[in-house]
Amino acid sequence: MKLSERFDRRYQQTPATAPQTPVAAPPEPVTGPLTPVDGTPSIAPVERRAAARDGAAAQLVTEQRSTETTPLSPALAAAKAEIHADLLRRHAAAIDITNRAGIRRLLLQLTEDHFRAKPPAALVTADDRERLVDILFDEVIGLGPLEAPLRDPDITEIMVNRPEQIFVERRGRIELTNLAFEDEDSLRRVIDRIVSTIGRRVDESEPMCDARLKDGSRVNVVIPPVAIYGPCLTIRKFGREVLTPERIVSAGGSSEAILEYLNAAVQTRLNIIVSGGTGSGKTTLLNVLSGFIPPDERIVTCEDAAELRLRQVHVISLESKPANVEGRGQITIRDLVRNSLRMRPDRIIVGEVRGGEALDMLQAMNTGHDGSMSTVHANNPRDAVTRLETLVLLAGTELPSRAIRGQISSAINIVVQTERLRGGARKIVSVAEVLGIVDGDISMQELFTFHQVAVTPDGRAVGYHTATGTASTYQAHFQSNGVELPSSMFAPSPQPPEEHLY
């Protein structure tokens, strides 16, 4: 049975009380390079509720619009401003943002009334009016001009440098759009709408903030006085569809042997650290690895912003909390990790270790919570282990270096390195095992690697995955837990022909 089939069968269970949802049709075959990322591209169309023109009950429609929209003409821009002001003046108290169909009907009526009273109404086409209503609708209950790139499945990141300058990352490449906010105030309203939904704030006293959208997309906000030229907003989109091992392999992000090995490691409760740079796909891979956890285990996740989407039933998600305006009430990742130990977890998953929580995580891994996982920023597996040692020191304990290394070597079993290559492709580039302390240093051995062979004319790095020829030191561990890995899995692969590089 294929790895992907085991992955799907294992998590078809749903709670007895949960409503059964129909299984979506399989996605179209992947014909181009699909990039697994933090916030992977969504392949599903976006559903939005709209009202029928004849006033009938609202129906669910599927739409997908391009981000390359032309700016409004001066006349339409002026009309939009007047209609928006009219809406706020006459209906601000009665607006219910949960009644999307009702708001859209109201905007249609206000638009019709506005152009009926204007002499040049005959010059405004029905398409112009429909487009105007869409823009107003996005501004009233959505994120304004950001709604279009949020709906675009090819866009993985949205970067607002200034109200009039919005960049996007499309298929791994950054490009400037012709989208823009009307002014700084409209951008600030969108920012406030985002951060207020999760109980956070951003102002002159707290000019930086991390937040998330309802779909799990990661948001970072920086406003003046820290941001010199105006508010900056960065959104890393989160895919609406769970990435499967099969899709990672077909996209060239990993080989089947690597995922087979990681599947065995997760099943047999080895502790795993996923390391990599910003935007290299750490959280995405952590989501996939967590999918290998048996569904009958209790899992507790600790994150700064809830991004993990586990498919199991028995999952508790914890999220950190910033201090209030009085400087009180802060709950850190370290607090969450400590509290999770009292929640009878089978496994603890820390979204990312970046401070003193590294010590608590290592202690949890060493005291009966085998099979735990986390991510860390590092350039290679060796740097990941070194950085963990540095993070432990941030806990404020006066531990000697040898004691810290002993904790790391006994707690961490496997380090998986992800990297964003030229052209935007995210791949697993190394899988290494931690062997223990040798001559005072942590010893490691690499099992799998990605060999970059060339760069295509369009600037995309290509290569192939291969084993290094070193057998796993956990073969006996796998066999004792009922998992058999063939020795051929660790045999090096020859370089494939140029047309088979990815």
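This report walks through a predicted model of a single chain, from its overall make-up to some local details.

## Overall make-up

Let's start with the whole chain. Its secondary structure amounts to 14 helices and 17 strands. The chain has 502 residues, and 50% of them count as buried. The accessible surface is about 23900 Å², with 51% of that area belonging to carbon and sulfur atoms.

How much of the contact pattern comes from residues 24 or more positions apart? Taking the contacts with a separation of 6 or more, such residues account for 60%.

## Confidence

The mean pLDDT of the chain is 81, and 82% of the residues score at least 70. Among the elements of the chain, strand β9 (residues 272-276) has the highest mean pLDDT, at 97, and strand β2 (residues 59-63) has the lowest, at 31.

Strand β2 (residues 59-63) falls in a stretch to read with care: over residues 9-68, pLDDT stays under 50. For that stretch the model has 121 contacts beyond four places in sequence.

## Salt bridges

Side chains of opposite charge can pair when their charged atoms come close. In this model, a search of the whole structure finds 18 salt bridges. One of them joins Asp154 and Arg171, whose closest N and O atoms are 2.7 Å apart. This pair links distant parts of the chain, 17 residues apart: Asp154 is in the loop between α5 (147-151) and β3 (155-162), and Arg171 is in the loop between β4 (165-170) and β5 (173-176). Asp154 counts as partly exposed because its relative accessible area is 28%, whereas Arg171 counts as exposed because its value is 54%. There is also a network of salt bridges, which links Asp152, Arg170 and Glu175.

Another salt bridge is formed by Arg212 and Glu319, with 2.7 Å between the closest N and O atoms. Arg212 belongs to strand β6 (residues 208-212) and Glu319 to strand β11 (residues 315-319), so this pair ties together parts that are 107 residues apart in sequence. Glu319 is partly exposed, at 26% relative accessibility.

## Cysteines

How many disulfides does the model contain? The count comes to zero.

## Buried places

A polar atom of the Thr268 side chain lies 2.7 Å from the backbone oxygen of Ala264. Leaving aside residues up to four places away in sequence, Thr268 touches His477, Phe478, Asn481 and Val483. Ala251, in the loop between α7 (245-250) and α8 (256-267), counts as buried at 11% relative accessibility. Ala251 and Lys427 are 176 residues apart in sequence, yet their C-alpha atoms are 9.2 Å apart in space.

## Backbone details

A few backbone angles deserve a look. The peptide bond from Pro224 to Pro225 is cis, with omega near 10°, and Pro225 sits in the loop between β7 (218-222) and β8 (232-236).

Arg269 is not a glycine, but its phi is positive, at about 65°. Arg269 is in the loop between α8 and β9 and is partly exposed, with a relative accessible area of 25%. Asp439 also has a positive phi, near 55°, in a residue other than glycine. The location of Asp439 is the loop between β15 (426-438) and β16 (441-455), where Asp439 counts as exposed at 79% relative accessibility.

Notes:
Residues are numbered from 1 along each chain as its sequence is written. This is a predicted model: local features need pLDDT of at least 70, side-chain atom pairs count only at pLDDT 80 or more; totals for chains, interfaces and linings use all residues. Side-chain values use heavy atoms; hydrogens and water are left out. Helices (H or I, at least four residues) and strands (E, at least two) are DSSP runs, numbered from the N terminus. Buried means under 20% relative accessible area, exposed over 50%, partly exposed in between (1.4 Å probe, protein chains only). Contact means heavy atoms within 4.5 Å. Accessible areas come from the Shrake-Rupley method with a 1.4 Å probe; for residues, only the protein chains shown count as cover. A salt bridge is a side-chain nitrogen of Lys or Arg within 4 Å of a carboxyl oxygen of Asp or Glu. A disulfide is a pair of cysteine sulfur atoms within 2.5 Å. pLDDT is the predictor's confidence in each residue, from 0 to 100. A polar contact is a pair of N or O atoms within 3.5 Å; within protein, one must be able to donate a hydrogen and the other to accept it, and residues adjacent in sequence count only if both atoms are side-chain atoms.
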